[in-house]
Amino acid sequence: EPLKIGMITTLSGGGAGLGIDTRDGFMLAIKNAGNKDITVVTEDDAQKPELAVQIADKMIQSDKVDILTGIVWSNLLMAVAPSAVAQGKFYVSTNAAPAALAGANCNKLYFNAAYQNDNLHEAMGEYANKGYKKMFILAPNYPAGKDSLTGFKRYYKGQLAAEVYTQVGQTDYAAEIAQMRASGADGIFVFLPGGMGIAFMKQFAQSGVKIPVMGPGFSFSQDVLPAIGDAAVGAKASGQWAPDFDNAASKKFLADFQKEYNRLPSIYAVQAYDAAQLIVAAASKASVKNADAFGAELKKADIQSPRGKFKFNTNQHPIQDIYLTEVVKQNGVITNKTVEKIFADHGDAYAKDCKI
Amino acid sequence: MVEPVLQISNLVKNFGALRATDGVTLDLRPGEIHALIGPNGAGKSTLIHQICGTLRQDSGTVRFAGQDIGSLGVAQRARLGLGRTFQVSSIAPDFSGLRNVMLAVQAKQGSSFRFFKPVMRDRSLIDTAMAMLERVGLTARARIPAAELSHGERRQLEIAMALALGSKAFLLDEPMAGMGPEGSKSLTHFLDTLRHEAPILLVEHDMDAVFALADRISVLVYGRVIATGTVEEIRRDPTVRTAYLGDHA
Amino acid sequence: MLLDVTKIEAFYGASQALFGVDLSVAEGEAVALMGRNGMGKTTTIRAICNLNPPRSGAVKIGGTDTKGRRPHHVAKLGIGLVPEGRRCFPNLTVHENLVAAARPGPWTLERVNELFPRLEERHAQMARSLSGGEQQMLAIGRALMTNPRLLILDEATEGLAPVIRQDIWKAIRRLKAEGLSILVVDKTLSELLPVADRCVILENGRSAWSGRPADLTTELQDRYLGV
Amino acid sequence: MREIMIVTRENLINLILAALLLAVPFAANALGQPFYVTLATRIAILALAATGLNLALGLGGLVSFGHAAFFGIGGYVAGILAAHAFSGDPLLFGLSGTKQMWVIWIVAVILSGLVGLAIGAISLRTSGVYFIMITLAFAQMVYYFAISWPAYGGEDGLSLLVRNQFPGVMTMIPLNFFLICYVILLLALGLFALIRASRFGTALQAARQNEVRVATVGIQPYRIRLTGFAISAAITGLAGALFADLNRFVSPSMLSWHMSGELIVLIILGGTGRLFGPLAGAALYVIFEFALGGLTERWQFFLGLILLVVVLFARGGLLGLLAGKAKHG
Amino acid sequence: MTLALALEQLLNGLQLGVMLFLMAAGLTLIFGVMGLINLAHGSLYMVGAFACATVAAWTGSFWIGLIASLAAAAAAGAVVELVVIRRLYDRDHLDQVLATFALILMFSEGTRWLFGSFPLYLDIPPLLQGAVALPGGTEYPVYRLAIILAGAIVAFGLYLLISRTRLGMRIRAGESDREMIGALGVDIRTLYTVVFALGAALAGLAGAMVGALQSVQVGMGEPVLILAFVVIVIGGIGSIKGALLGALLVGVTDTMGRFLLPKILALFVAPAQAGMIGGAAASMLIYIVMAVILAVKPRGLFPAAHA
Ligand SMILES: Nc1ncnc2c1ncn2[C@@H]1O[C@H](COP(=O)(O)OP(=O)(O)OP(=O)(O)O)[C@@H](O)[C@H]1O
Ligand SMILES: Nc1ncnc2c1ncn2[C@@H]1O[C@H](COP(=O)(O)OP(=O)(O)OP(=O)(O)O)[C@@H](O)[C@H]1O
Ligand SMILES: [Mg+2]
Ligand SMILES: [Mg+2]
């Protein structure tokens, strides 16, 4: 039975790297599945919410897709997902996971194959409990940034040296680094996605300040690591996956991805790969036209994830292990190495409010 | 003596270290043409600017129609009836001559906050404006974009606008400039009739026109009025001859 | 011939302004270009400088055809232009206006300052805030600083005080006496005619009359110039 | 209105544009392609927003680089009122939210008009490029405020879930909502035409061409411009409210400088100061964006190329190309 | 909060200011002096950064990369001027806005076409790595001091070029009356191509220098563009001095705002709240400052004698 998936992701402009990894990871799984009934239409949202909405309308109204997926950014997701599910379409998120859709406003048709936004930050909070007495925490001043620090604080029991919110898109961090130096903190947690993180890490390395830096996994993911370079080495991060994972699914994924695209995949690729696997698995058991049955199949999460154990919580967000990784330089390549498991079978704080 | 329409006393304007007008005292009486002459850079245009409000005086007073207007804005002064032309013509270039004059008419009627009635069907505007254009002899060119008018025609257009404002005094900054002999002649004739409508303060370097028209002449040199008098008095004044007129006396 | 203009036609967009103008200026000669308002004097000058390139006909400067040359090339052939409306650079000081486009030759800053002492007084002032007459002097000085072979003056005395006007005419006579070739447009015939070696009158974009000033009868003046 | 009634080439083109915009959605609907109705709605709304800006920019020469502020304010009015109506929480002074479009429109028009008045009052002290930048500064303030203000979603924006209501119309049906927008667009264009031909419009246009001249006939350019700016802001604000309903979503990206820039681009593309310039520009832009986006991932490159060709070779925008130079009476 | 920290922050503010000036320098030349609104300035900045990163990666030398950034940006600038900008000088500002907006789209997407979507690596040269101790005991990154120096040299050089050389006079003359300067025998077309290329080269230099400290990625030029315009407008268009002082003012205001506002607010509300509100206020701060300055001085702090 035919199944049509609409992928809306960022393929142009500054954030295109993430979207391209998303698309490539997703298409890898679709290709591996070899299911001729599944078709995917992909369009570029240019990281603009309005454009994402327009594309979603087109995919729903003209292309008649059954499932939407692919959006990288929370704000675009918030523009598309609620109205898509209101129109009876499935949405399977490959990355963005705002708290707003995880709790009371969860929806039977909305699945998140990545995590819940807070997860990685919570893990770092938990990790910081071991050995860090006074943390300096910093994030951009927007909802994801606030969720981040909230998540960190939810688990961190020590003292806070300072809690700083920077401007979205800020590129110079001299003032914040000076404060870090002066604050007497013994550890620093930053959540600065994309270019902000690159700038911060480079400038931090130059500053001569020698306080350990940690952050959520995507701050040190494969899309930004090469650009940060040696300045990132030694940084600790939390993640549900790293290239050195020692399981068959991860090895196969890594090999396939490198063969297909000739580069190392980032976490976005893994998440999208799993999202595609989930859809493929469900499609083989149920018709997407029967939303209840298809949703139930999706929820079974009958896949081999590169992340290892993977299942869905009541709010249809993942329950998964979260690891501590460290940025290392191996054979001249800067990458993440797994150090230890921080959380086993970790869900999220909002699931209890979800009444599905 | 009749009450002057415009009375300027001790007007001073400094540009940095330069004193462009230096205590100018001057009046304009009903029905007269008062010519203001003086070397280039003497401060004539600066004085006109201060009377109209495009420049604010540093000290001194400007009284017009019986009230002190020294602190009013350009638009307020214009509404009181100060009509002026510029040394370099100043018009709305995209509009036709007619619509330029209509702008003045609507300003005179005090009604620019009307949003719905199309001006081009407003006879009260068009007819008045056409009448003004006719007086300056621009009827045939009324509907041509002002940008395409010749130099001389633009000067005429400016005068039509000042007329449309129903001005109680005209301040004309070198209206003859750039006009050929023919144009100067007809403009001289026109100004001669215009004085009956309202008095004119005329800044001009064309001495033939000044001598033909002026009831009184004031001579401004380095920001000061060095002489005021009738045409004959001024022509004979030796200081004026050296400062300004040269052999042209 | 220093300047040789033959049968040029010029347009503003679609409307034709010149319908065949002939004009020449010999080395050391002063030629007056005359005509009523709007007859095409300024347009002819713009065509000579290639600011408004003629569609047909030819302009030769010192034997070189200006066709297809950009205005700065034409200027370098030896044209010094004092344009209608002065067009000083308002955001430059007097001094900068003079030296910005200067080329080496007998005319130097000192000589220009001597010719127009007022400019020296105002040397650091922005040209925008000069009085009209001061700007006119500046425009002449600026053209002289390029050391032209042919000085073109378009209404150079417009808006000037009679004394200054006399100064400028004096300057023009002096320049002529020094052997500079001059093409001059002006309204004051009483000053213009004594200076000119030859007159060319334009009517409706055509050369209508040409000859010595002495031959310019009052009847001709009345017919072509409306005096 | 006489100017509009006369059959000129421009009026003919305008008529065709208006008719096309109306016909396409009906055709699309009949052919079972409702998405094209949505696309046409988007064109109509963007054209409305740009018509607002056109009043300030085209007539008044006020190049506002901050009209996104009004667009976004209109959007947030719709979003916030609807959110309160949904949640039942009172808004201000015990007033509750609403899902009635016409109430939202009135609030959007008044609020963005008032904000326009305030921003204009300060910005109009400057001119030229300074004006461009000060309007940008105000818009950026609103933008950063919206991003970091958590109550209504911050950067993530605010979802309306379902469209607001209009008495007697099923607004969720694309064609119905399109017709609402279309009628409002036509009304706004009518208003624009009236204003342009009116005494106020004359003064506004004259102030663009020659400020000193306007003052010397006794009209204060500042007041004229401020009024024009506020009306312009109000129209753009109304468009913002409709845009929120189209997307059922508002976010700070409606307030970003890109949005301001896009509105300017629409106007220039169509023909600055032209009655139908905004519509022509919006149609061209949206169609290009959509068609190219479907063709290639590099669509932004080609969109840029097309814009460049238009600005270099079609002076006066699309309408300038088709209808010749504008006339000003 | 210690005095040393406050002083360090002040230095950071000044440093940010100089960096902003470096980013705005090319724009000052093109926009302030030639009177052309060039929205694509940020794209030239990006071109410089990408050229530097690419060449540095090939050759292993930042310095060769830096030269490459100058060359590439100047070449891009010259081409853009010859093909596009040249036709826009006597159009109104709006056409320039549209055309250069179109150029942004083309540059961004073109760069992605050539270099891919991921940020590039560009590091500070070994010579300028690390930090030095300042009097007072704090450490300060050498590279930031180098930026201050570079900014100062550019500012001084530009000032000399514009106000002291004949080239500068001709550029300014051309801005007010292109036809006239041509009629006086100056080849203004070629001159403008050169100036535009020079402005582009400055943008490229800034892109390379700042890129090494931030991130080299598509879209990096956009925030710079807005900030650079803010800086120039605050200072007064066309004035190099104004641009420099405007940049310093913005730099200090921004840094001190980020640093102090949360602290001040923390006296009144909970720290987390203070952080958020303070952060929000800090991001608006430079725009507030700009609006206030323009409201009081409608032509910037140092209105150049311009029309
Ligand atoms: N804005 C200004 N800044 C500085 N100086 C100025 C300014 N405006 C005028 N000036 C100077 O003030 C003096 C008077 O100028 P003004 O234009 O009033 O002279 P004028 O008598 O009208 O001369 P003309 O007959 O040549 O037009 C001149 O020396 C001029 O350079
Ligand atoms: N920019 C222009 N656009 C269209 N027509 C023009 C333009 N400039 C001049 N003309 C027309 O060209 C003709 C010749 O004008 P030109 O300026 O050469 O005359 P002129 O002899 O210099 O007159 P004046 O004595 O008034 O300076 C006139 O009919 C004029 O209307
Ligand atoms: Mg004067
Ligand atoms: Mg002429």
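Here's a quick briefing on the ligand sites and the metal site in this structure. The model is predicted, so local features need pLDDT of at least 70 and side-chain atom pairs count only at pLDDT 80 or more, while totals for chains, interfaces and linings use all residues. Residues are numbered from 1 along each chain as its sequence is written, chains are lettered from A and ligands numbered from 1 in the order written, and side-chain values use heavy atoms, leaving out hydrogens and water.

**Ligand 1**

- Ligand 1 sits between chains B and C, with 22 residues around it; a residue is near if one of its heavy atoms lies within 4 Å.
- The closest ones are B:Asn40, B:Lys44, B:Ser45, B:Thr46 and C:Ser129.
- Oxygen atoms of ligand 1 make polar contacts (pairs of N or O atoms within 3.5 Å): 2.7 Å to a polar backbone atom of B:Lys44, 2.8 Å to a side-chain N or O of B:His205, and 3.2 Å to a side-chain N or O of C:Ser131.
- The protein covers 84% of the 640 Å² of accessible area that ligand 1 has on its own (Shrake-Rupley method, 1.4 Å probe).
- Strand S2 (18–28) and helix H1 (44–52) of chain B, plus helix H6 (132–145) of chain C, are the elements giving two or more residues to this shell; helices (H or I, at least four residues) and strands (E, at least two) are DSSP runs numbered from the N terminus.
- By class, the shell has 6 nonpolar, 12 polar and 4 charged residues; Asp, Glu, Lys and Arg count as charged, Ala, Val, Leu, Ile, Met, Phe, Trp, Tyr, Cys and Pro as nonpolar, and the others as polar.

**Ligand 2**

- Ligand 2 has 13 residues around it, and the closest are C:Asn37, C:Gly38, C:Thr42, C:Thr43 and C:Glu84.
- Its oxygen atoms pair up with a backbone N or O of C:Lys41 at 2.8 Å, a polar side-chain atom of C:Thr42 at 2.6 Å, and a side-chain N or O of C:Thr43 at 2.4 Å.
- Helix H1 (residues 41–48) of chain C gives the largest share of the shell, 3 residues.
- The shell splits into 3 nonpolar, 5 polar and 5 charged residues.

**Magnesium (ligand 4)**

- The protein donors are C:Thr42 (OG1) and C:Glu84 (OE), 1.9 to 2.2 Å from the ion; donors are N, O and S atoms within 2.8 Å of the metal (3.2 Å for Na, K and Ca), and water is not among the atoms, so sites may look incomplete.
- That pair links distant parts of the chain, 42 residues apart: C:Thr42 is in helix H1, and C:Glu84 is in the loop between strand S6 (79–82) and helix H3 (94–100) of chain C.
- C:Glu84 is partly exposed, with a relative accessible area of 38% (buried is under 20%, exposed over 50%, partly exposed in between).

Conventions. Polar contact = N/O pair within 3.5 Å; in protein donor to acceptor, adjacent residues only side chain to side chain. Buried < 20%, exposed > 50% of the residue type's maximum accessible area, 1.4 Å probe, protein only.
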